Amino acid sequence: MITGKNYIGNVLSATGNTTFKTFNPQKNQENEVVFTEATTIEIEQAVELAREAFKIFKTISGVAKSKFLNEIANQILALGDNLLNIYCLESGLSKERAISERTRTIFQLHSFADLVKDGSWVEAVIDTANLERTPVPKVDLRKMLMPLGPIVVFGASNFPLAYSTAGGDTAAALAAGCPVIVKSHPMHAGTGELVAYAVIKAAEITGMPNGVFSNLNSSGIEVGVTLVKHPAVKAVGFTGSVRGGRSLYNTASQRPEPIPVFAEMGSVNPVILLPNAASKKAVFWAKNYAKSITQGAGQFCTNPGLILAVKSEGLTSFIETLAEEIIKIKPVCMLHPNIIGAFEDNKSTIQQQKGVKMVVDYNGEVSKNYGRQIITTVDAVRFLENTTLHQEVFGPFSMVVQCENVEQLQVVISKLEGQLTGTILAEDELENNLEIVNALQNKVGRIIFNGVPTGVEVCDAMVHGGPYPASTDSRFTAVGVNSIKRWVRPICYQNWPDKLLPNELKNENPLGIYRSVNGKHTVDVI
Ligand code: NAP
């Protein structure tokens with residue numbers, strides 16, 4: 001049952017007066033449960049518990065953390081249809097989407113469980129002493145990664161499971177040994193509470209310290225800002241808009257002790273249609289992109305919002321087919337009236353810009369809160385002089401930028417902001433366009449050849465991040481087990497007694513992990 005309360009560690013609490021409800025966009029009405037926003041005292045209690053829990057949690061073995069993460073996955077599955085139903089009621093998304101997002105969430109938890117069970121992820125490096133060295137003997141130095149401390153996680157509206165309460169950020173932080181306080185997303189607070197229940201239950205079953213996880217409700221920004229300012233919080237994970245991520249980044253950097261904010265934010269994900277691909281595969285790519293642009297009502301951070309190409313017959317055919325195909329696709333419900341409101345506002349802002357022409361605007365009958373797809377086009381010169389056209393329109397939208405030649409196409413790419421992805425559609429012409437490839441590489445976290453950017457595989461090689469404003473730190477990924485690196489720092493032990501070293505660094509290598517010992521990658525004992 002959903003109570004509408006906060007989880008302050010293992011205890012449900014609702015002492016505040018500010019309440020809110022979630023919204024069913026399919027029915028265009030509020031859902032029943034009343035949620036109570038966390039008070040300043042409850043925030044303080046959650047952070048204090050996390051601070052205490054960290055003392056124990058950071059020393060817990062990889063095997064124990066692995067059991068905890070696997071148990072969270074079990075408990076999420078055990079929520080069964082209750083979880084799927086509330087997910088649909090609060091998001092307007094389909095049951096199939098709920099199931100696939102749950103599968104992804106569980107896969108992420110299992111992946112981190114495997115990683116920490118194996119243990120080699122701590123990147124142990126050992127340089128043994130050389131007392132014979134002259135003129136100065138060499139000391140014994142051993143380093144590994146250690147957790148940062150309590151982490152605050154903000155989930156995104158468009159992924160109520162995989163990028164929220166027990167999503168990638170939380171799974172990675174817990175795997176690293178960091179307690180997590182979730183600032184629950186107000187649009188899916190019920191989904192969040194059920195998942196929080198699963199995490200708390202798993203923590204109790206596997207003997208994790210109280211405070212390893214808390215879940216705080218809020219309908220405005222105050223709870224999140226208070227958390228980010230709290231001195232015991234050591235890092236922040238955020239998925240959402242550039243406006244929100246940047247604001248929290250600024251708050252964190254202005255603290256007496258600045259902390260990192262790993263914010264994964266918006267992106268327009270440019271797609272470069274090279275001339276031969278336009279002349280030979282215009283119809284094929286137009287059909288594929290009609291689907292990609294409208295998938296999930298375009299509510300993906302990897303939605304292709306910008307298509308760049310050189311004017312040609314092929315490009316005209318691409319644009320015409322894209323228009324024909326996209327109009328055949330039935331609009332679907334968007335997540336929330338606020339999201340559709342922002343979509344409508346952003347669409348009309350774009351349409352009012354000088355030189356922007358409408359290619360197609362779905363004008364059939366749709367239910368309330370359904371997002372009508374729209375394609376626009378603009379000449380490169382206009383695009384270059386107006387940065388409003390470079391901003392993300394979150395929803396089923398894309399703009400085709402028409403360039404005079406490949407040189408101008410390259411200039412357009414060089415003027416773009418940082419992106420999560422960049423795609424090149426090409427025939428046998430890639431090698432003749434290496435400058436385009438280089439220009440795009442400088443802007444993106446993931447560069448795609450002949451495909452669509454939507455669909456983010458969860459695996460070790462994935463990079464979900466990119467130069468600002470796609471993320472606040474392009475050196476890290478938010479997807480895949482390497483995202484654990486955001487929540488750790490290196491520590492080096494000099495001439496430390498062997499028996500007092502962490503197990504990962506002891507001579508006997510009791511965990512049997514891979515380590516670099518005097519430059520050799522090995523599991524050997526020393
Ligand atoms: P959002 O409006 O930025 O909200 C995200 C969370 O941050 C919410 O809990 C929100 O709380 C909080 N928040 C926003 N502004 C804040 C501020 N100034 N101070 C403190 N807290 C703040 O984003 P959204 O609507 O949930 O998600 C849609 C956006 O996310 C799109 O732009 C999309 O591209 C992006 N996204 C990116 C990725 C990625 O991996 N890069 C993935 C999914 C989505 P309140 O709602 O209570 O204000």
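This is a predicted model: local features need pLDDT of at least 70, side-chain atom pairs count only at pLDDT 80 or more; totals for chains, interfaces and linings use all residues.
What does the side chain of Gln 373 reach? It reaches the backbone oxygen of Ile 326, at 2.8 Å.

Seven strands, in the order E16-E17-E18-E15-E14-E19-E20, form an open sheet with mixed pairing. Strand E16, residues 357-361, and strand E20, residues 444-449, stand at the edges, and because each has a single partner strand, one side of each is left without a neighbour in the sheet. On average, and ignoring direction, neighbouring strands here are turned by 20° against each other.

Within this sheet, strand E17, residues 374-379, and strand E18, residues 397-403, pair in the parallel sense over 6 bridges, and it is Ile 374 that stands opposite Phe 397 in E18. Helix H13, residues 406-415, lies across E18 as well as strand E14 (270-273) and strand E15 (306-310), and runs at about 155° to E15.

Now to the ligand. Which residues are closest to the ligand? Of the 29 residues that surround it, the closest are Ser 157, His 185, Ser 241, Glu 392 and His 464. For Ser 241, an N or O atom in the side chain is 2.5 Å from an oxygen atom of the ligand, and for Glu 392 the corresponding distance, again from a side-chain N or O atom to a ligand oxygen, is 2.7 Å. Ser 247 also takes part in this picture, with a polar side-chain atom 3.2 Å from a nitrogen atom of the ligand. Taken alone, the ligand would expose 910 Å², and the protein buries 90% of that area.

Let me finish with helix H5, residues 168-176, where 9 of the 9 residues are buried, so that the helix is largely enclosed by the rest of the structure. The buried residues of H5 include Gly 168, Asp 169 and Thr 170, and also Leu 174, among several alanines such as Ala 171 and Ala 176. After H5 comes Gly 177, whose phi is positive, near 105°.

Terms used:
Residues are numbered from 1 along each chain as its sequence is written. Side-chain values use heavy atoms; hydrogens and water are left out. Two strands pair if DSSP finds at least two bridges between them. Helices (H or I, at least four residues) and strands (E, at least two) are DSSP runs, numbered from the N terminus. Axes are lines fitted to C-alpha atoms, for helices over the stretch in contact, and angles run from 0 to 180 degrees between N-to-C directions. Contact means heavy atoms within 4.5 Å. A polar contact is a pair of N or O atoms within 3.5 Å; within protein, one must be able to donate a hydrogen and the other to accept it, and residues adjacent in sequence count only if both atoms are side-chain atoms. A residue is near a molecule or strand if one of its heavy atoms lies within 4 Å of it. Accessible areas come from the Shrake-Rupley method with a 1.4 Å probe; for residues, only the protein chains shown count as cover. Buried means under 20% relative accessible area, exposed over 50%, partly exposed in between (1.4 Å probe, protein chains only).
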